[in-house]
Amino acid sequence: MSKKVNIFVDGMTCQACSMKVEKGLAKLKIVEDVSVNLMSKTVTVSVEDGAKVEGLIGVIKRLGYKPKRDELKIEKSSIKVEDIEKIISELKEKDTVLVKDEDDILKVKYLKDVVSLDEINLILEKYKISVKKEKKERQNIYEDEIKDLKKDLIISIVFSVPLMVSMFFHMFNLHRFMLNGYIQWALASVVQFYVGKRYYINAYKNLKNKSTNMDVLIAFGTSMAYFYSVYKVLIGSVDVYFDSSAMIITLILLGKFFEANAKSNTFGAIMKLMDLKADYAIVIDGDKEVKKNIEDVKIGDIVLVKPYEKIPVDGVIISGSSSVNQAMITGESVPVEKNIGDTVIGATNNIEGILKIEVKSTVENSVLSKILDLVQNAQTKKAPVQRLADKISSYFVPGVILSSLATLVITYVVTKDFTTSLLNSCAVMVIACPCSLGLATPTAIMSGTGVAAQNGILIKSGEVLEKIHKMDNIIFDKTGTLTTGELKVIEIKNNTNLSEEEFLSIIYSLEKNTDHPIAKSIVNFCKEKNIKELDISDLKVIAGMGIQANYDGKEILIGKKKYIEEKLGKLEINIENELLTIFISIGNDFAGFVVLEDEISDNAFEIIKKLKEKNIDVYMITGDSEVVARKVANKLGIENVLYEVMPDEKSQKVLELQKQGKIVAMVGDGINDAPALASADISFAMGTGTDIAMETSDITLMNGNLNTLLNSINISEQTLKIIKQNLFWAFFYNIIAIPFAAFGYLNPMLAGFTMSFSSVSVVLNSLRLKRYKF
């Protein structure tokens with residue numbers, strides 16, 4: 001048994017950073033699996049159950065990054081003086097808990113995936129105190145990074161512009177306007193060591209851990225130009241290149257600033273999902289209405305929701321009825337009618353009625369929380385194409401350093417000009433961009449899964465997103481996918497002298513007393529036609545056969561054909577699907593029958609047609625008879641029909657197709673579909689189905705609409721298209737740019753600018769997915 005721990009980590013700037021963290025943690029014996037989501041700055045680690053997690057935090061710190069913990073504050077005024085040390089001591093015994101004793105408060109830091117707030121309160125309650133987590137306004141994780149970059153960028157521009165001006169005057173021999181070397185040295189030093197310290201610190205940490213990244217290239221490249229210029233000043237030369245070292249840092253910072261803003265927009269899809277969560281709920285406590293933080297609402301509480309308010313929790317309506325807008329969760333464009341006994345999802349919007357809802361799950365286990373977990377896990381799991389990019393990136397920086405040194409040596413041997421050699425070598429160092437390689441896939445995956453989630457499609461991993469468009473066979477379970485799973489009356493045969501209304505009144509009066517699905521469908525049909533209920537007597541339900549009662553001195557039987565034949569003898573009548581037909585006798589006469597049908601899902605025919613246009617072979621699988629199965633298949637234009645298939649045989653049908661070299665997708669909604677969903681290469685579960693089907697599947701279609709299945713294929717195609725564009729640009733850029741720099745066609749400043757904006761272009765290209773229209 002293992003447990004999963006998520007750690008928010010600051011300071012990871014590129015793919016080399018995430019790879020370093022993954023490798024560092026993977027060496028620990030307690031770690032079973034580790035993955036890093038660079039975009040959300042999250043490290044997800046699976047560890048042995050019972051293992052101490054504090055060691056993981058120590059490893060991340062030693063690698064040069066900043067793991068963050070959740071934080072609580074306890075007012076010391078609420079604690080007895082003699083209890084403070086005891087509380088600190090007990091809290092520190094908990095894994096990942098740190099306690100800082102400050103003037104008026106105890107600051108408690110912990111990892112919520114390791115130690116819960118309830119566990120902390122369990123300790124505090126012994127000392128007659130408790131604490132609630134402070135309500136913090138949700139903010140974009142890139143907000144602080146953007147502020148820091150903006151501050152450093154302004155400082156860098158202020159000190160770099162005079163150096164650029166001095167270079168301009170020097171180029172036109174206007175020496176009297178030119179700043180002297182020592183002033184240039186002073187200005188460049190602020191940029192190099194104050195603004196640029198981030199690159200030196202990160203380069204040191206990387207080299208200390210025997211790894212390299214973009215920061216190493218920037219630190220080495222700018223240092224070459226800076227220290228060479230220092231040497232020139234000390235020997236009295238005016239040919240200095242402080243402008244190059246300072247402007248490289250400034251332009252790279254400018255690119256990083258734009259990149260952080262672009263990443264912030266990419267992360268916006270997650271933020272939108274987070275913002276859906278209600279902050280509070282009105283809980284009915286006796287005759288009082290109490291406003292509570294959403295985290296404090298418990299299972300079994302009764303919540304009041306007024307018109308036009310957000311439904312705060314997942315639960316069941318116990319009073320009232322209303323229309324509910326579920327678009328933000330399921331993607332349904334039309335509000336859904338909700339009545340007593342219906343389930344509602346937290347974060348959806350109540351439109352008109354007053355509802356009382358019994359809470360069925362806490363905020364941590366809500367549908368919205370599960371959606372967020374699925375989306376974030378999808379962005380953490382790497383697509384196969386990402387693993388290739390990672391492998392190349394691991395060799396990239398050492399290769400660039402060697403190329404830079406080779407440029408220095410070869411250019412000097414050929415030209416005998418050390419200045420030109422140094423500048424060309426510097427340009428090679430700063431123009432190479434491993435970041436664009438590292439960002440090519442995760443930015444597209446984040447945008448793709450985010451857009452999908454906003455449209456009611458939950459994709460579990462980047463690998464799945466990459467595979468969807470590759471499927472060439474798709475198997476649909478019939479009931480609940482191609483059909484609604486809801487029965488409707490399609491034929492009424494009345495052999496009596498009664499009017500249809502009188503005939504239906506007899507059927508309605510009996511059937512309303514049983515919970516059989518066929519009976520329920522007939523009852524709903526009769527209610528829609530305002531059929532009246534009759535006074536019947538001696539009602540008796542015969543399990544597995546039917547129902548009988550007396551009306552107007554006659555015995556009424558409703559049920560299976562076999563049940564009626566036991567009284568009347570063999571009926572000479574052929575019905576296509578006897579399982580969905582009820583037969584009626586009144587007295588000693590056969591009175592007629594009612595035929596029902598599983599309703600075809602909206603747009604099912606169009607979806608099947610469009611799948612075929614994509615050269616995908618469509619199969620339908622069902623436990624129904626051949627006659628029923630082919631009737632549905634013919635309506636939908638499906639030629640491949642698998643009928644009378646038992647639940648445990650469905651997965652075998654999937655495996656048979658896979659053995660033929662097919663990439664097989666399975667679409668289902670029930671518990672009986674779970675084995676087949678697990679066996680398929682790609683599995684879709686209808687969000688209207690069972691939890692086990694959704695847990696087993698790769699993709700959940702939240703609104704149960706088949707249109708979203710087609711949308712998921714389109715999103716996959718678009719995402720892969722973006723990834724290929726990104727990777728092409730990243731490889732093409734580096735393959736072309738490095739030789740150009742080596743041969744002196746790009747000066748170091750232009751090289752730094754080009755390098756910075758190669759990453760920005762990759763992120764901006766990925767952002768195009770957010771504008772994708774279905």
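On one side of helix α7, Tyr 204 and Lys 208 are exposed (over 50% relative accessible area, 1.4 Å probe, protein chains only). The model is predicted, so local features need pLDDT of at least 70 and side-chain atom pairs pLDDT 80 or more, while totals for chains, interfaces and linings use all residues. Residues are numbered from 1 along each chain as its sequence is written, and side-chain values use heavy atoms, without hydrogens and water.

The buried residues of α7 are Tyr 199, Asn 202, Ala 203 and Asn 206 (buried: under 20% relative accessible area). They lie on the same side of α7, because their arc around the axis is only 105°; the arc is taken from the directions from the helix axis to the C-beta atoms. Just after α7, Lys 210 has a positive phi of about 60°.

UniProt, in an unreviewed entry, places "transmembrane region" at residues including 216–234 and 395–415; such annotations may be inferred rather than shown by experiment. Helices are DSSP runs of H or I, at least four residues, and strands are runs of E, at least two.

In the largest nonpolar core, of 146 residues, Ile 474, Phe 476, Leu 611 and Phe 684 touch the most other members. A nonpolar core joins buried Ala, Val, Leu, Ile, Met, Phe, Trp, Tyr and Cys residues through side-chain atoms within 4.5 Å. Helix α25 (residues 707–742) gives the largest share of this core, 12 residues. Apart from it lies another core of 24 residues, among them Leu 510 and Val 523.
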